[in-house]
Amino acid sequence: MGYQTEQETFWSGTFGDEYIERNACTQEFLAPAIGLYAKILGKTAGIKSVIEFGSNIGINLKAIKTLLPWITPAAIEINHKAAETLQSDPFFRDGIEVFETSILEYTPCRTYDLVLISGVLIHTNPNELQHVYQKLYEASAKYICLCEYYNPTPVELPYRGFGGKLFKRDFAGEFLDKYPDCRLMDYGFSYHRDPVFPRDDATWFLLEKTS
């Protein structure tokens, strides 16, 4: 399948397959995710549905559904192996809607109480960020959560020996500038040396649509 950007091709192929193996849904990854989303979800109310943009095999969705068992989950995932794994995971025995497609090709067909994107904007072609922000906004009925590497100004860094695959910037700030009807509810930092729930050094932002 032809994609618009080199980043989409990269993650849909062999490198994306290898990423699954490195990030298998074990307690090593699931427990910190539960710890993180317990903080984030504690700032929300009335969530009954969630969609994750770029879910991989669904570690974040598992954490959220562990905390909120009644939610209806959905996912967008470009990598076939990851989407297949997520779709057949017995954890989601009550069902999960999986859109096996690129985020750039996904068109929101309904809204969800919580829209989540984690560790995906950093791997998105910077020229397409405004399009992704629009899709996140359109898919959200109330809350949007961004969990990404932060930098006050845009910067590109090497990623596992590859160029053009990792970018840091103030994603949340850009989103808030684009959509003034959204407000910042809370934010926090996940530290890799946390003694209980270590995670990548990412910053999370919880936003709320006010109109």
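A75 in strand 2 has V98 as its bridge partner in strand 3. This is a predicted model, in which local features need pLDDT of at least 70, side-chain atom pairs count only at pLDDT 80 or more, and totals for chains, interfaces and linings use all residues. Residues are numbered from 1 along each chain as its sequence is written, and side-chain values use heavy atoms, without hydrogens and water.

Strand 2 (residues 72–77) and strand 3 run parallel, joined by 4 bridges. Strands (E, at least two residues) and helices (H or I, at least four) are DSSP runs, numbered from the N terminus. Two strands pair if DSSP finds at least two bridges between them.

The open sheet has 7 strands in the order 3-2-1-4-5-9-8. Its pairing is mixed. Strand 3 (97–100) and strand 8 (182–190) are the edges; each has a single partner strand, so one side of each lacks a neighbour in the sheet. From one strand to the next, the twist averages 15 degrees.

Axes are lines fitted to C-alpha atoms, for helices over the stretch in contact (heavy atoms within 4.5 Å). Angles run from 0 to 180 degrees between N-to-C directions.

The structure holds 0 disulfides (cysteine sulfur pairs within 2.5 Å). For C109, the nearest cysteine sulfur is that of C182, 20 Å away. C109 is exposed (over 50% relative accessible area), at 58%. C147 is buried (under 20%), at 2%. Its sulfur is 6.2 Å from that of C145, too far for a bond.

Key
Buried < 20%, exposed > 50% of the residue type's maximum accessible area, 1.4 Å probe, protein only.
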